Amino acid sequence: MLDKAIVGSRTYWAWILLLMGISGVGVLSYLYQFHFGLKVTGLSRDVSWGFYIAQFTFLVGVAASAVMLVIPYYLHDYKKFGKIVILGEFLAVSAVIMCILFIFVDLGQPMRVMNVMLHPTPWSVMFWDMIVLMGYLGLNIFIGWTVLAAERKQVAPPKWIKPFIYLSVPWAVSIHTVTAFLYSGLPGRHFWLTAIMAPRFLASAFAAGPALLIILCLIVRNVSKFDPGKEPIQTLAKIVAYAMTANVFFFLLEVFTAFYSGIPSHQHSLQYLFTGLEGHSNLVPWMWTAAILAFISLALLIVPKFRKNENILAVACAIVFIATWIDKGMGLVVGGFIPNPFERITEYTPTLPELLITFGVWAIGFLVLTVLYKVAVSIREELG
Amino acid sequence: MSMDRREFLKIAGLSTILGGVGGATILGGLRGEDVEASDSSHAHGNRPASTLAMVVDVRKFRNESEYQRCIDACHKVHNVPTIENPKHEVKWLWREDFEHSFPGQGHEFMEEGVEHKDFMLLCNHCEKPACVRVCPTQATFKRKSDGIVMMDYHRCIGCRFCMAACPYGARSFNWQDPRGFISNPNPEFPTRMKGVVEKCNFCAERLRKGLKPACVEACRDNKAMVFGDLEDRNSEVREILRTHYTIQRKPQAGTNPRVFYVIGG
Amino acid sequence: MYGKGKILFGLAVFLGLVTFPFYSNLGKVGAVPEPSLNTPVINAMRDKECVESEEFMEAEHMQLLDDWRNMLVREGKKKYVNSKGKEFDISLQNTCLNCHSNKEQFCDRCHNYLAVKPYCWDCHFGPKETNWTKETDV
């Protein structure tokens, strides 16, 4: 089936070349970082995780969101998703690949990454995160490929694939829950030490992932003869609307607990993010952008008239994506480190090499996504 | 049955002696005997064979140089690089004022002597270290024989999860090759390489030779830092803990730090 | 065969690339280096014996060093008892290099010949290796 990916229009190849170019720049920047160490990033003793881990966290969510297609289609027999469930699974594949790459580029000693498997440590959440991410990657490649191959031959998918599909449902939830545990199980970080971290992660994931998927469906419709259809897109839009509402609601719960309880250490990070703390306010414009965008997106998604207009819907989805990206990426990860354990403030701004490496990883992810989508879409076109 | 802490410690201490352990383990360690070998034979009940701890008596630090000589002794002997940029700083032993050493524990009408006093901060070698719990490779681990939270620099992958987990900011990452920032290195102790996390090791390499930690040695004239075994009820640290009011950093984190501070009185 | 020319050209390029290490090194192989044992400490020894036999050290020194670092760092053992029951302090810097103070002639020669780059020396000191250029990071 991969042969479908090596025939394509001029535009297709131009896009592929563009992505390869960006990933090439990313690889070169990574070699620079590899040689000089992580000092080429904006990270510091106080903010020891930044842009890379932020992307990782966000993308785990995007990956997990495939379950929002799998559940309706396979568990509730919602046939309309039949056409796009493969797009969700392949999006998950590329998102997990990006996650793994973001962890890799964040490591100080990347050559030793296999130590995680050589010395398995069941009490470390990161060990489990590796297990669930690898498993999820495998499951989605396997399921997506098998189902698509069957479709190509115009036969029903083999029965034995069903258990794997059912397994992928809790597995999707697990990847984002375990990723939330990376943060919510740390005793000294008040911003992260919250039981609703996992629910928050899942809510923002189920908003951002399907939002991206809607945009991808609209793009696929424009560049190919395959039309995912109006109705599945509308159903996805409702999922985004509910999930984004839950996401904003959960965030407001955090605000309530921190400020009504009056416990200063629970307020500091939120204050830093939204008002600035002791004169440090690098992230304030970003966080207000995210907050305002979040409310605009809710208005656009909840009002049926707007949601049903695909142009407005596309804008709403882009806004959801940006808002959740700022909130969960930069805000959550960087905010958790500020103030530091001494209640001092060190701010963080990513550097150029860090940005180039980040773009590089995204480009690799989109390269994988493009190839997989090309295969899926070509097969659909073939079948008419 | 109710038992207060004091009673529990009494019984625990007594049973330790009856068990024939006493302070033999740590004394053995200080004399240069094999610490690890004594682990299995001396471990008693749920108590470890020995639990090394530090008491910092901040009253005894009278001026800048008395702090600095401890810090210098530590950083010199362990080849800790001197990096000016605070973002890339590496430190094993350092000073902070009360407000930042014990965030949330001060108040506006505090005794000025304590408020403006600098505290010596270092790895707490916690009983339940969060860093050890999160490390995905066991590159940082708690040594059973004496409770030291160790770093295996050969194994660390540099994920920095431990830095996020440590409630005490005790861990430093090598953002670059540290060698360019070490003048007159100690040839008997390795440096670190770029991309690994490092921290205080309670001078495990000196204990092995029967020496006291370098910082303790540096202030031996005023005994501002005292080191010893908590399992030995006659040890100097136990004596100070018994007779002085001491505090730990962030006890609410549930880690049970093994560094104690005498702050006044 | 469809696209015969392209396929053959592609194969030729591929073969050319994968065999690059072989033909680029043709005729460059030098004599196998002999690690030098000429150091003051070794010369002064009556029985010139390493911690284990020469054959063992030649084949297994990396494994032994790996075991040593685990014994010392992780298990807190500081003595190594060899196959003859003799004790040694576990230390690369202070035991191995005490005798083999000629790191360049002893370690590096062979490692360079085999193109292996053990990163021991990123942290551990070889003899007289403590001078380097100072850097600044402000």
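Reply: Let us begin with a sheet in chain B, where four strands form an open sheet in the order S8-S1-S10-S9 with mixed pairing; strands here are DSSP runs of E with at least two residues, helices are runs of H or I with at least four, and both are numbered from the N terminus. This is a predicted model, in which local features need pLDDT of at least 70 and side-chain atom pairs count only at pLDDT 80 or more, while totals for chains, interfaces and linings use all residues. Residues are numbered from 1 along each chain as its sequence is written, and chains are lettered from A and ligands numbered from 1 in the order in which they are written.

Me: What makes S8 and S9 of chain B stand at the edges?

Reply: Strand S8 (225-229) and strand S9 (246-247) of chain B each have a single partner strand, so one side of each is left without a neighbour in the sheet.

Me: How do you know that S9(B) and S10(B) pair?

Reply: Two strands pair if DSSP finds at least two bridges between them, and S9(B) and strand S10 (residues 259-262) of chain B have two bridges, in the antiparallel sense. Within these strands, B:Ile247 stands opposite B:Tyr261 in S10(B). Helix H11 (residues 236-243) of chain B packs on the sheet, touching strand S1 (52-57), S8, S9 and S10 of chain B, and its direction makes about 110° with that of S8(B).

Me: Why is H4(A) called roughly antiparallel to H6(A)?

Reply: Helix H4 (residues 85-106) and helix H6 (residues 125-152) of chain A pack at an angle of about 150°, with their axes 9 Å apart; axes are lines fitted to C-alpha atoms, for helices over the stretch in contact, and angles run from 0 to 180 degrees between N-to-C directions. That angle makes H4(A) roughly antiparallel to H6(A), because angles over 145 degrees count as roughly antiparallel, under 35 as roughly parallel, 65 to 115 as roughly perpendicular and the rest as oblique. The crossing of these two helices, H4(A) and H6(A), is left-handed, a term used if the near helix is turned anticlockwise from the far one by less than a right angle, with right-handed used if clockwise. By class, the contact of H4(A) with H6(A) has 15 nonpolar, two polar and one charged residues, where Ala, Val, Leu, Ile, Met, Phe, Trp, Tyr, Cys and Pro count as nonpolar, Asp, Glu, Lys and Arg as charged, and the others, Gly among them, as polar.

Me: How do you know that the span of H6(A) is close to the one expected?

Reply: The expected span is 1.5 Å times one less than the number of residues, and H6(A), with 28 residues, reaches 40 Å from its first C-alpha to its last, close to the expected 40 Å. After H6(A) comes A:Gln154, whose phi is positive, near 55°.

Me: What makes residues of chains A and B count as in contact, and how many are there?

Reply: Two residues are in contact if their C-beta atoms, placed from the backbone, lie within 7 Å, and 34 residues of chain A are in contact with 41 residues of chain B. H6(A) gives the most to the side of chain A that touches chain B, with three residues. The residues of that side of chain A divide into 15 nonpolar, 13 polar and six charged. Chain A and chain C, by contrast, do not touch, and their nearest C-alpha atoms are 10 Å apart.
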